[in-house]
Amino acid sequence: MKEYQLLDVGYNYVNLDDCYSERKRSPSGNIVANAERFPSGMNWLTDQIHGLGLYYSDSGWFTCKLYPGSYMNEDRDIKLFQDWGFDLLKYDNCAIPYDNIVKEGMVGKYKRMAEAIARLSKSSGKPPILFSLCQWGRVQPWIWARRLGQSWRTTGDIKPTWRSLARIINKNSFFASATDFYGRNDLDILEVGNGHLTYDESKAHFTAWAFMKSPLLISTDLSRASEQTLNILKNTEIISINQDPVVGTSITPFRWGVNPDWTYNDTHPAQYWSGESQKGTVFMLLNTLNHSADMFFRLTESPWIRAGRQYLVRDLWTHTDNGTAVRNFTAHSVPAHGVVALLLRDGGDEPEGTMPPCASTEWCTSEDGLRLDK
C-alpha cells in the first residue's frame, strides 16, 4: 500500500478476514491467533501497521470457514480485539444458531455485539471500535443497522463479473438514500482489475461504489495489478466524492434509461444518476448495453440542478474541463458497460434568449396563463 502510494490517497485500513485464528479457543475461552500465519502475534502485527487495522469475526457459532465465531462471546472477543490493537470489526453472518437458542432474529444477534462494543468503550475510555455489519441484505439492514454500526452489507458476495456488478448496482438503486454520515451501504469489496472485468467495467465499478459512498475496500492482488488498475484505484477526483466531508449522501437515479423508471432489472440497472457534493453536482452515466451508445439527459432532470443556469463541466476520468452545458448534455460513444463521471458547477445565468422558455415544456406557463405544451 505504501509502495503504490495508496496510503497517500486515503486507503488507511488493512482488512484481515477469515482464517486468522486457530480452530479452537484457548482453555480459558479466548480466540487464539494462528501460530503459523502470525508467529509474532497480533500486537506485533498491529504495531507494524501503526494501529490502522480492520479485523474480522462472526455473529454465529463459527466464521464462514468454521473458525471460532463470537456468538455468546461478544464481550470477551471485542475486548481481545481491542487488546490486539485493532480498530474496526467486520462481523459476518455464518453458522447461525438455531432459533430456539438465539431467540432474537438478525437484529438482536448483531445488537449483542453493538452493545458489547459500547460497554467496552465506556469501561476502557477508548473510542468505540468501528462496527461493519456483514448481513448480506437478507433482512433489510439499511433500515435497522444504522442504529448499530457504521456500515452494512446490502447484497450477497460480489464476483469479478459484469453481471455481478450490475446486480449489486440494481439492488442498491432502490435504497441508495439510506447512506449518510451515520453509516454507509456496503456494496462489498472492490474487484477492480480482477476476473473477467474489462478496463471500462472496472472504471464503472469504481465510480458506482465511490459515488454511492460505499466503503472502498481493495481486493485486488496489488503485486499483479496493472498501471491502469492502480490509476483507477488512485483516482483522487472520484475518491474525493466518496470522502466528501460536507455531503454524506449517495447519488441516486433520476432516470432508468433502458427500462421504465423504477424497473427492477439485474442485468440493466438504472443508467442516469446524480447527487450533491461540496464541489457541485455529480453525475454518473452508466452504459448497461453490450455496445457503445450516446447518452443524453436534460440537466434539470437532476433535482440538484437549477433551472435557467448554465454549468461548467468537469470530466472526472479524463481530468479535463469540457466547456459549458446549457440545459442538455450528451456523452458520445460511451463504451459497453462503461461510465461517464461528471462534476457540474454553476456557471451563472444561461445565455439570454435561450429558447424555449422552459427546458421542459410540460406545464410551462407564461404570466398570462398561456401553456407552451398546448
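The structure is a predicted model, in which local features need pLDDT of at least 70 and side-chain atom pairs count only at pLDDT 80 or more, while totals for chains, interfaces and linings use all residues. Residues are numbered from 1 along each chain as its sequence is written, and side-chain values use heavy atoms, with hydrogens and water left out.

The protein chain has nine helices and 14 strands; helices (H or I, at least four residues) and strands (E, at least two) are DSSP runs numbered from the N terminus. Along its principal axes, the C-alpha trace spans about 85 × 45 × 40 Å. Of the 374 residues in the chain, 50% are buried; a residue is termed buried under 20% relative accessible area, exposed over 50%, and partly exposed in between, with a 1.4 Å probe and protein chains only.

An α-helix has 3.6 residues a turn, so residues three or four places apart point the same way. After α2 comes G85, with a positive phi near 100°. Another buried residue, N185, has a relative accessible area of 2% and belongs to strand β6, residues 184-186. The C-alpha atom of N185 is separated by 24 Å from that of D221, 36 residues apart along the chain.

Some backbone angles deserve attention. Most residues other than glycine have a negative phi, and most peptide bonds are trans. A95, in the loop between β3 and α3, has a positive phi near 50°, and its relative accessibility of 26% makes it partly exposed. K213 also has a positive phi, of about 65°, although it is not a glycine. K213 is found in the loop between α7 and α8 (227-233) and is buried, with a relative accessible area of 1%. In the segment after β14 lies P356, which is joined to M355 by a cis peptide bond with omega about -5°.

On the surface, W61, F62, L66, M72, Y98 and I101 form a nonpolar patch with about 660 Å² of accessible area together. Patches are made of residues with over 30% relative accessible area and no salt bridge, like charges being joined within 9 Å and nonpolar side chains (Val, Leu, Ile, Met, Phe, Trp, Tyr) within 5 Å. The accessible areas come from the Shrake-Rupley method with a 1.4 Å probe, and for residues only the protein chains shown count as cover. Y98, one of the patch residues, lies in the loop between β3 (88-92) and α3 (99-102) and is exposed, with a relative accessible area of 64%.

The second largest pocket has a volume of about 230 Å³. Of the 18 residues that line this pocket, D315, T318, A331, V339 and V340 are the closest to its centre. A pocket is an open set of points on a 1 Å grid over the protein atoms alone, where a 1.4 Å probe fits, with protein on both sides within 12 Å along at least five of seven lines; lining residues have an atom within 4 Å of a point. Grid points are joined across faces, edges and corners, and the volume is the space filled by probe spheres set on them. At least two lining residues come from each of α7 (199-211), β13 (328-334) and β14 (339-349), and β13 supplies the largest share, six residues.

Finally, side chains of opposite charge can pair when their charged atoms come close. A salt bridge is a side-chain nitrogen of Lys or Arg within 4 Å of a carboxyl oxygen of Asp or Glu, and the count by this rule is 19. In one of them, D17 and K90 have their closest N and O atoms 2.9 Å apart. D17 lies in the loop between β1 (14-15) and α1 (42-48) and K90 in strand β3, so the pair ties together parts that are 73 residues apart in sequence. D17 is partly exposed at 27%, whereas K90 is buried at 16%. R119 and D75 also form a salt bridge, at 2.9 Å from N to O. This pair links R119 in helix α4 (residues 105-124) to D75 in helix α2, 44 residues apart.
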